[in-house]
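Student: Hi! Could you walk me through this one while I have it open?
Tutor: Happy to, let's take a look together.

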Amino acid sequence: MNSLELATRLADLAPAGLFIVDAQLRVLRTNQAMLTHNALSADDIGKQTVADLFPDVAPYLWDMIRKVLRTGEPILNVEITDSAPGSWPDRRVWRLSHHPIRNRDGVTVAVGVAVVDVTRRRRAEAERGAAEQRLRLLSRASALVGASLKLSDTLDALVELVVPEFADNCEVLLAPTPFDAASRPDPLIMQGFASPNRPSSAPLPTDAVESVGVLVELSRDNPAHQALATRRPVLFDVDDRVIQSVRVREPHRHSPQVHFERIQIDVAIVAPLLVGEQFFGVVYFGLFASRQRYGDYELQTAAELGSRLASSVANIRAYQRQRAAALTLQRGLLPHDTPAVEGLDIAWRYEPGTAGTEVGGDWFDIIALSAGRVALVIGDVMGRGLAAAAVMGQARTAVRAFAALDLPAADVLTHLNDLVQTIGTGPDATLISCVYAIFEPAGGTICVANAGHLDPVLTCPDGEVHHLGGHGDPILGLGLGEQTAYAETWHAFPAGSTLALFTDGLVESPAIDIGEGCRRLERTLGTIHGSAERTDAPDLEMTADRLLALLDRSEGYDDDVALLLVRATATATTATATIAPLPQAAKAAREAVLATLKRWGVDNDAFTVELLVSELVTNAIRYANTPGRLVLRRGRHALYVEVSDEDTRVPRLLHPTVDDEGGRGLQLVAELATRWGARPTRTGKTVWFQLDIPSS
């Protein structure tokens, strides 16, 4: 029996598809399975070529048969995918093996083709591959959507992930305010939060429509309503009905028709962004007409992507609410406006930490004191969170209360230290660093008391930089130990000089230690002032921005930053006189004041000033019995008079009866002066008054 006869018998017996083709590509024999699968009868065999019998089969199959006939070499395990009539209505995958059939002379006279249906196997493999791809996609989506608490970064990352792996276009629309999914408003008011995107092989045109920030209304005809109602993704064709269901609220924007024409999406899935019953928005995944259609498998993937994105959006929105509340609380405890202080230019910056919702306890303040003096305060509560912000609020309020008493700088910190020790005890003890400085315009000096804070930095007009260091007094909350009070240091503060008070967030980061940060700040201040002309001081706001730019934001920074810059603008016009403890000293003081007012050209109110000075000097002579000091200072809008002595008794405003012989002097001062007061000093007291004068 030759090989042709053997192949013929095998064709009758083989359960798989098997047929024999001769040199003219006519089918000589086939088994019943092949006839059934291809809807053929036995009469068709031997009359037609394989191309006629199987017109839907790829032509290269016949090229392989010809090659086997020509070479006599088998071609094994070739897979083809195509459709077939009969019982194979769907596309199938076949594996074909071509074997040469030789006659007794060894000449190849026919080809036996064995056909094995591997559709199920290939489909199973494809489904397994798709499942693995889906798991990888969802895993990467989970990592991306949770990697940032910035909404735009999260949504952009999702778009870049799914395009083109899962979609040709992806857009995210979020509700301005999340709402209960059961309410189902009509229309849905949504805002674009992620731009349309495409694979690099099909880029958007240069005049593409930008959807970020666009406010749209989605009517009932939009599949987003069905997705919200069913809580499941919806597969839909992008037809005229869908296009008409979108209305752009901003009239200057492109119409929805233009938008859909540009993105060229043929079919899409819309998935609702739901967390519990809270509806946050929808995400659209779209495909070009040339791509394979979406099916149930892709709907499931869209549901998973939507679920992950919804959780991320909910977390980000919650974080934004909590952070906004924390920052509102903290900013409410800080100065809202820069006060106008005569003789000083002031600039400040406050930057909250970028990590988390826990605000810090950094604060600063500018407090007006007596006779045109001003207190400059900066502090830092150790720790973070609402507790630190609450302690900061208490500390700032206490400092303002002590400042209202016009206490010396060291006394303010001593009293504040006593208060801080009562706020927290044990392991939760409160610790606060603080600088309290007083600007004395009459002498052009600054008095500094420091409780464990970074030293203020004074930059002279020529660029020379000085630390205004103290005695290393302890941080507030630890107690003073063997000390009885905080110390003060006095420093010259000439016109054109700049004082910088700051918290450690400005000079310390994970990449830079606090020592190097302070040196960098000093170099920057020296460079800014040294490069400016003496008559043209550097802009204080620009200086503040330059210093804030020293922050290392490459990896974010979790510490708050408070910066207060103060520049002395001019030397005060001041006159001083010594008051002898003698009755005739009052007359000498009046004469000195009148001469000074005449020299300054502000003698319109000379009588009132003379009368008030006489009252204050007389009291100093009467009660102190020690030499005193009279200081007269002219401001732009007021005259300030201060009388100091070594008597520690601070006068009080009395309310004498008609029978009392005294107690009316301070009433006269209170009635005629714009403001007046008395403050304790290290050696006694100072009584002062302010009298407004017309601007010159």
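Tutor: Let's begin with helix α12 (residues 409-423), which lies across β16 and β17 and runs at about 155° to β16. Helices (H or I, at least four residues) and strands (E, at least two) are DSSP runs, numbered from the N terminus. Axes are lines fitted to C-alpha atoms, for helices over the stretch in contact, and angles run from 0 to 180 degrees between N-to-C directions. Contact means heavy atoms within 4.5 Å.

Student: And what kind of model is this?
Tutor: This is a predicted model, where local features need pLDDT of at least 70 and side-chain atom pairs count only at pLDDT 80 or more, while totals for chains, interfaces and linings use all residues. Residues are numbered from 1 along each chain as its sequence is written, and side-chain values use heavy atoms, with hydrogens and water left out.

Student: OK, which strands does helix α11 lie across?
Tutor: Helix α11 (residues 386-404) lies across β14, β15 (374-384) and β16, running at about 15° to β14.

Student: At what angle do α11 and α12 pack?
Tutor: About 150°, with the axes of α11 and α12 10 Å apart. Their crossing is right-handed; the term means that the near helix is turned clockwise from the far one by less than a right angle, and left-handed means anticlockwise.

Student: Which residues meet there?
Tutor: From α11, Val 391, Gln 394, Ala 395, Ala 398, Val 399 and Phe 402 meet Val 412, His 415, Leu 416, Leu 419 and Ile 423 of α12.

Student: Now the sheet. What's the strand order?
Tutor: The order is β14-β15-β16-β17-β20, an open sheet of 5 strands with antiparallel pairing. Two strands pair if DSSP finds at least two bridges between them.

Student: Which strands stand at the edges?
Tutor: β14 (360-368) and β20 do; each has a single partner strand, so one side of each is left without a neighbour in the sheet. From one strand to the next, the twist averages 15°.

Student: How many bridges join β17 to its partners?
Tutor: Strand β16 (residues 432-440) pairs with β17 over 7 bridges, in the antiparallel sense, and 4 bridges join β17 (residues 445-451) to the antiparallel β20. Val 448 is a handy landmark: Ala 437 stands opposite Val 448 in β17, and Val 448 stands opposite Thr 489 in β20.

Student: What about the two faces of β20?
Tutor: In strand β20 (residues 489-492), Thr 489 and His 491 make up the covered face, whereas Trp 490 and Ala 492 make up the uncovered one.

Student: Switching topic: how many residues are in the largest nonpolar core?
Tutor: It has 32 residues, and Phe 166 and Phe 285 have the most contacts inside it. A nonpolar core is a set of buried Ala, Val, Leu, Ile, Met, Phe, Trp, Tyr and Cys residues joined through side-chain atoms within 4.5 Å. Buried means under 20% relative accessible area, exposed over 50%, partly exposed in between (1.4 Å probe, protein chains only).

Student: Where does the largest share of this core come from?
Tutor: From α10, with 8 residues. Elements that each supply at least two residues include α5 (119-145), β12 (278-287) and α10 (296-332).

Student: What is Phe 285 in contact with?
Tutor: Leaving aside neighbours within four places in sequence, the contacts of Phe 285 include Phe 166, Cys 170, Ile 269, Tyr 294 and Leu 305. There is also a second, separate core of 31 residues, which includes Ala 388, Ala 410, Val 412 and Ala 451.

Student: Last topic: how many salt bridges?
Tutor: The count comes to 21 salt bridges, where one is a side-chain nitrogen of Lys or Arg within 4 Å of a carboxyl oxygen of Asp or Glu.

Student: What does Arg 349 pair with?
Tutor: Arg 349 and Asp 545 meet in a salt bridge through their side chains (3.0 Å, N to O). Arg 349 lies in strand β13 (residues 344-351) and Asp 545 in helix α14 (residues 540-548), so the pair ties together parts that are 196 residues apart in sequence.

Student: Are those two buried or exposed?
Tutor: Arg 349 is buried, at 17% relative accessible area, while Asp 545 counts as partly exposed at 44%.

Student: And which salt bridge partner does Arg 682 have?
Tutor: Arg 682 forms a salt bridge with Asp 411, with the closest N and O atoms 3.0 Å apart. Asp 411 is in helix α12, and Arg 682 is in the loop between β26 (675-680) and β27 (685-692), 271 residues apart.
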